[in-house]
Amino acid sequence: MNTLLRKLFVAVTLTTGLWVGVVAAVHARADISELGDISTLRDPQMYVDIEAQANPLDFLDVYDPLEPMNKRIYAFNRIFDDYVFLPALKGYRFIFPEFVRGRFQDFWANIGEVPNIYNSLLQLKIERTAVSAWRLVFNTTVGIGGLWDPSTKWLGLERAEEDFGQTLGYWGVGPGPYLVLPIFGPSNLRDTTGIVADYFAEKEIDFLGVKEAESRNDTGGWALKVFDALNTRDITPFRYGMLGSPFEYNKVRYLFEKQRQLLVDD
Amino acid sequence: MKYPLSAAISLLIALFNWTGPAFAYGFPIWNPYEATVVGTPPDVTYKWGEPREMTPEILKLNFDKEFTDIPLAKTFDIADLKLMFVKQEGPAPLIFIIAGTGASYESPKMLFLVNTFFQAGYHVIAISSPTKPPFMAAASSTNLPGLTTYDAEDLYKVMTHALKLVEDRTEITQKYVTGYSLGGIDAAFVGYLDSQRKEINFDKVLMINPPVNLYTSVSNLDNIIPNYRKKHPEATGKEVFDDVFERLAKHFKNSGKVKFGPETIYDLQKGPDALPIGDVELLIGISFQFSSGDLAFTSDALNHTGWIIPADEHFNPLSSDATYWYKRSLRWRFLTYFDKMVVPWWQEHHPGDTRDDIIRKVSLTGIEDYLRNNKNVGVMTNSDDIILGPGDIEYLQEVMGDRATIYPYGGHCGNMEYVTNVTDMLHFFKN
């Protein structure tokens, strides 16, 4: 669940390189109607001419039937980020030095190793299941409750993210309509289903008692929830507006779907 | 001596280096397109023994631009222009760095340069390219970036304001300006303007992989997509790009993890699933198309010229029409923008100038005397830079003499982070 923002960051990392480019498809016979009503523009004929040269660039559409609602949630998320999340993050970073935050990161990553294990198994990825399971055991013991990640550091066994959305994708479930979730950000129907499934599975497994404690409606439960969220935001470099593009919504949408597809295919 | 062999090898390498760069230049990527996309591989980037931690500060400048388009201002968060400032404790030189086309002050190349100069002991102010939409909205006087003479005015205004913000609490010994790609030519035009106005008095100006003739550079990039289509008339974009992703997916599968980072493309290109050079080239063209589209759209929306968004309409990212505007903007190549939006505006303000006159005035030819006569202006570029045309390298050598450092290869900015290049860069400002 808390890996979602991080994945969005991965999508955005792509843009900072040249990969934003791949959004475009060199499309031979594009349909002028997909440009909307051009009659009120200064020179509608130029668009017709460009199509006639069979030389338009086009980007691949993402299935987004709920676009109006998604855009509103996207705007809400931005405001939430600016006025709640980022100021809170500033305080979090001020209070906890980098070393301490590093321990929190490793701790939450270790708790999050649980879904990696069963999802790798559900995708019949035996080696990955073994690696994730070994990481969990080693980091929990040698890494003192997961506060450190000696598996990566000493053994070179790197983390591989697998969630139930990827498991569904592995078994052939398509992404479905694009969804922007409040606070969590970009998703789609399949991956949202995955988030919910992982949430219940993690709570059921309740490794080290963390997920159960986190779901409690008391001070401790809320403190854990807040910590979990702040840690996630801490390791997610994405900032709204960082693309500096008027079409951030479209670009983020496309890149999100593409990088999810990569995660499903790997 | 513990490692006589390695010592002997280092000695040999030192000797080769001494005999001349053309012989010993060891940047590992030979294809200009590949170098442009991949950049400098992590194992040969310039490194600092014990880098100090850098705490960048964001400066906000407000030029009271009138926004008739309030939603636009909100989308970009553009009432203020944001700059990145990094400060040394004691007295130090200050360097301004200008980003390349479509890049912001926090793009990876910029962050590399900022960190490099910070580690070398400079105060640094990083500025987004005047072609970046937030810069256009907050600081452009024309909303028509690409005209280097006017961009220099805007940048100069930004720099003088930024100086006012920091000079009380920063001990500045000398002032420098640099930039890469379009930011390189911008740096030179800013230097030229400063030589007239003398408000900042730059001690040194360095251009990194600048365009020499803007028209040539823009055409080279604009033509990549049409040329690709000529070569592969049957290939649809979807196929090309599905292929790119398939290769990336295979690469991730083989390496056992999905991990994006600076080395991802480099690793991909080293492995069995490397993209064909034609596809690599296409990525450059497509990336440039995206910058051009954003630029043309933002210009049109700010100036209400009615080319992409109806003149009476206000840009609102929540509008259901936004996707149409996006698609229309992608029909705008840089030269379409130049011919339809820029040239008419220029001719209105400079009656009698032809299109060729404009190109000459905004290219390096426009400040040739300045470049020729000012010994504090330097340039670093590559013989195979894809934004240069025939004769451009010779032109730089003729005009700037030994202040032009030409590397045998490295593409467009591909070798900018390479150990030799950074050493030369720092050397230029040190001496």
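The model is predicted: local features require a pLDDT of at least 70 and side-chain atom pairs count only at pLDDT 80 or more, while totals for chains, interfaces and linings use all residues. Residues are numbered from 1 along each chain as its sequence is written, with chains lettered from A and ligands numbered from 1 in the order in which they are written.

Domain 1 of chain B contributes 27 residues to the contact and domain 2 of chain B contributes 28 residues, two residues being in contact if their C-beta atoms, placed from the backbone, lie within 7 Å. On the side of domain 1 of chain B that touches domain 2 of chain B, the elements giving two or more residues are α3 (32-38), α4 (70-76) and α6 (133-139) of chain B. Helices (H or I, at least four residues) and strands (E, at least two) are DSSP runs, numbered from the N terminus. The most is given by α3(B), with five residues on the side of domain 1 of chain B that touches domain 2 of chain B. That side of domain 1 of chain B, touching domain 2 of chain B, comprises 15 nonpolar, ten polar and two charged residues; Ala, Val, Leu, Ile, Met, Phe, Trp, Tyr, Cys and Pro count as nonpolar, Asp, Glu, Lys and Arg as charged, and the others, Gly among them, as polar.

The predictor's confidence was considered next. The complex receives an ipTM of 0.83 and a pTM of 0.86 from the predictor. In terms of pLDDT, the predictor's confidence in each residue from 0 to 100, chain A has a mean of 84, with 85% of its residues at 70 or more. Residues 9-30 of chain A have a pLDDT below 50, and this stretch has 76 contacts in the model beyond near neighbours in sequence. For chain B the average pLDDT is 89, and 90% of the residues score at least 70. Residues 11-22 of chain B stay under 50, and the model has six contacts for them beyond four places in sequence. Where pLDDT is low, the predicted coordinates should not be read in detail.

Chain B contains 19 helices and eight strands, and 50% of its 431 residues are buried. A residue is buried if 20 or more other C-beta atoms lie within 10 Å of its own, exposed if 12 or fewer, and partly exposed in between, with C-beta atoms placed from the backbone. Chain A contains twelve helices and four strands, and 42% of its 266 residues count as buried. Among contacts between residues at least 6 apart in sequence, 77% in chain B join residues at least 24 apart; the corresponding value in chain A is 71%.

The largest nonpolar core has 134 residues, of which B:I97, B:V114, B:V124, B:A126, B:I127 and B:A188 touch the most other members. A nonpolar core is a set of buried Ala, Val, Leu, Ile, Met, Phe, Trp, Tyr and Cys residues joined through C-beta atoms within 7 Å. Helix α13 (residues 277-303) of chain B supplies the largest share of this core, twelve residues, and at least three residues come from each of domain 1 (22-214 + 361-430) and domain 2 (221-349) of chain B. Not counting residues up to four places away in sequence, B:I97 touches residues including B:M110, B:L113, B:T178 and B:G179. A second, separate core of seven residues includes A:A109, A:I111, A:I117 and A:L136.

B:S140 is found in the loop between α6 and α7 (148-166) of chain B. B:S140 is buried because 24 other C-beta atoms lie within 10 Å. Beyond four places in sequence, B:S140 touches B:P130, B:F135, B:P145 and B:D154.

Strands pair if DSSP finds at least two bridges between them. Strand β7 (residues 377-382) of chain B pairs with β8(B) in the parallel sense over four bridges, and B:V379 has B:A404 as its bridge partner in β8(B). Strand β8 (residues 404-407) of chain B has B:T405 and B:Y407 on a covered face and B:A404 and B:I406 on an uncovered one. In chain A, strand β3 (residues 178-181) and strand β4 (residues 185-188) pair in the antiparallel sense over four bridges. β3(A) and β4(A) form a hairpin with three residues between them, and A:I183 in the turn has a positive phi of about 65°.

Technical notes: Domain bounds come from an automatic or database domain assignment.
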